[in-house]
Amino acid sequence: MAPLDFLTTHSSSGGLPGALARLTLRFLQFVLAITVAGLYGVDLHHAQEAHAYTDGKWVFAEVVAILSIVTVLVYAVPFVKSWWGFGWDWVLFILWTALFGLFGKIYIPAHPTPRQAGQIRMKHAVWVDLVNMLLWLVTACYSTFIWFRNRGSGRTLHTGRGKV
């Protein structure tokens with residue numbers, strides 16, 4: 001099974017279980033970021049159709065979702081070690097935290113009626129934001145751990161005998 005052999009030989013840490021865990025986490029981040037883009041994009045689309053004011057909160061949500069999607073796609077490129085960008089994972093975690101706090105304050109205390117479908121959708125979107133925030137926290141912690149563990153294991157370029 002060539003793909004599994006590739007994962008075990010090129011995995012930065014954890015062998016096959018670690019590679020599959022990272023792949024699963026990144027896949028969930030990708031899917032949920034697309035979900036958030038769609039959930040918030042509906043309101044932006046309605047505002048554009050009505051020639052109404054585009055609220056910056058919804059634009060911020062779209063930007064965070066797009067940054068997450070692009071990040072996961074870059075990390076999916078073979079030979080790109082995602083733990084090199086552990087700082088960027090922390091930035092995305094902070095952005096998702098801000099997004100959850102921003103919309104959570106608005107929609108968690110709300111009690112929409114069944115006829116208020118937009119508010120119900122946004123109340124659900126807040127929980128998707130929370131899951132995204134937690135996923136980015138897990139990958140940021142894991143990447144930071146791997147980066148600190150592997151940073152002192154370098155060898156010299158020509159002979160490979162000296163430690164860098």
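User: A contact means heavy atoms within 4.5 Å. Among contacts in the protein chain between residues at least 6 apart in sequence, what percentage joins residues at least 24 apart?

Analyst: This is a predicted model, in which local features need pLDDT of at least 70 and side-chain atom pairs count only at pLDDT 80 or more, while totals for chains, interfaces and linings use all residues. Residues are numbered from 1 along each chain as its sequence is written, and side-chain values use heavy atoms, leaving out hydrogens and water. For contacts between residues at least 6 apart in sequence, the share that joins residues at least 24 apart is 68%.

User: In what order do the elements of the protein chain run from the N terminus?

Analyst: Helices (H or I, at least four residues) and strands (E, at least two) are DSSP runs, numbered from the N terminus. The protein chain holds five helices and zero strands. The order of its elements is therefore α-α-α-α-α.

User: What percentage of the 164 residues in the protein chain is buried?

Analyst: A residue is buried under 20% relative accessible area, exposed over 50% and partly exposed in between, with a 1.4 Å probe and protein chains only. Accessible areas come from the Shrake-Rupley method with a 1.4 Å probe, and for residues only the protein chains shown count as cover. The protein chain exposes about 9,800 Å², of which carbon and sulfur atoms supply 72%. Of the 164 residues, the buried share is 35%.

User: Which residue meets D89 in a salt bridge, and how many residues apart in sequence are the parts that this pair ties together?

Analyst: A salt bridge is a side-chain nitrogen of Lys or Arg within 4 Å of a carboxyl oxygen of Asp or Glu, and the count by this rule is two. D89 meets R26 at 3.1 Å, N to O.

User: Are D89 and R26 buried or exposed?

Analyst: D89 has a relative accessibility of 0%. R26 has a relative accessible area of 11%. The class of D89 and of R26 is therefore buried.

User: Which residue forms a salt bridge with R121?

Analyst: The closest N and O atoms of this pair are 2.4 Å apart. The pair links distant parts of the chain, 78 residues apart, with R121 in helix 5 (residues 117-150) and its partner in helix 2.

User: What is the phi of H51?

Analyst: Most residues other than glycine have a negative phi. H51 is in the loop between helix 2 and helix 3 and counts as exposed, at 76% relative accessibility. Although H51 is not a glycine, its phi is positive, at about 55 degrees.
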